[in-house]
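Q: I would like to learn how to read the features of a model like this one. Please show it to me and take the features one at a time.

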Amino acid sequence: MNWLSNPAVLVFAKMFLALVLVAAAVPKLRHPDEFLGVVANYRILPSALVAPFAVLLPWIELACAAALIIPATSVLAAGVAAGLCASFALALAINIARGRTHIDCGCLRRPASKSRIGSFHVARALGLVGIALFIAGTGKATGEASFGSLTLGVVAALMLVLIYLVADLMTGLPDARARKH
């Protein structure tokens, strides 16, 4: 059997993407004024769209996260998530090309971090696009997963999300080498 057709892999992908979306949405909802500033700082949207986008985005992320778990809506949610993540990758790449790497990614909020955007952020967003497209391409196959496949998929997703969050946290830490000089 092809490992990509294993139901645990699809459960893992759905849970991982859903957890990443929740981890991204919650801080935006907790600190809406700060997130509004992050969106404005990207200098991508017309000023009239910055506030509506900043208000709606975390709710769209949460709705996608919930819909990914429901087999009947997971394909649509994965398509929306792929579009969001592709848009994020494009916005990041545009600002990197402009030389504006000093801005905050806005992906996950860390008050104590000194986050700067870079190719890591673009690659991460494109990786999420790939996961979302995998989910969309496999359809609603989660319903046939055994309890063991469900458990394995959920536990693997939780472990990878922890690694994902720690990697994000580490990219926001001040560079120790810069402080020595």
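Q: With which side chain does the side chain of Arg100 make a polar contact?
A: A polar contact is a pair of N or O atoms within 3.5 Å; within protein, one must be able to donate a hydrogen and the other to accept it, and residues adjacent in sequence count only if both atoms are side-chain atoms. Here the partner of Arg100 is the side chain of Asn95, at 2.8 Å. This is a predicted model, in which local features need pLDDT of at least 70 and side-chain atom pairs count only at pLDDT 80 or more, while totals for chains, interfaces and linings use all residues. Residues are numbered from 1 along each chain as its sequence is written, and side-chain values use heavy atoms, with hydrogens and water left out.

Q: Is Arg100 buried or exposed?
A: Buried means under 20% relative accessible area, exposed over 50%, and partly exposed in between (1.4 Å probe, protein chains only). Arg100 is buried, yet has no salt bridge. A salt bridge needs a side-chain nitrogen of Lys or Arg within 4 Å of a carboxyl oxygen of Asp or Glu. The nearest side chain of opposite charge to Arg100 is Asp104, 12 Å away; for charge, Lys and Arg count as positive and Asp and Glu as negative, with His and the chain ends not counted.

Q: How many helices and strands are there in the protein chain?
A: Helices (H or I, at least four residues) and strands (E, at least two) are DSSP runs, numbered from the N terminus. The protein chain has 7 helices and 0 strands. Arg100 sits in the loop between H4 and helix H5 (119–138).

Q: Which residues form an aromatic pair?
A: Rings of Phe, Tyr and Trp (its six-membered ring) pair if their centres lie within 6.5 Å; planes under 30 degrees apart count as stacked, over 60 as edge-to-face and the rest as tilted. The whole structure holds 1 aromatic pair. Phe12 and Phe16 make that stacked pair, 6.0 Å centre to centre with 20° between the planes. Both lie in helix H1 (residues 7–30), 4 residues apart, about one turn of the helix. Phe12 counts as partly exposed because its relative accessibility is 21%, whereas Phe16 is buried at 4%.

Q: Where is Trp59 placed, and is Trp59 buried or exposed?
A: Trp59 belongs to helix H3. Its relative accessibility is 52%, so Trp59 counts as exposed.
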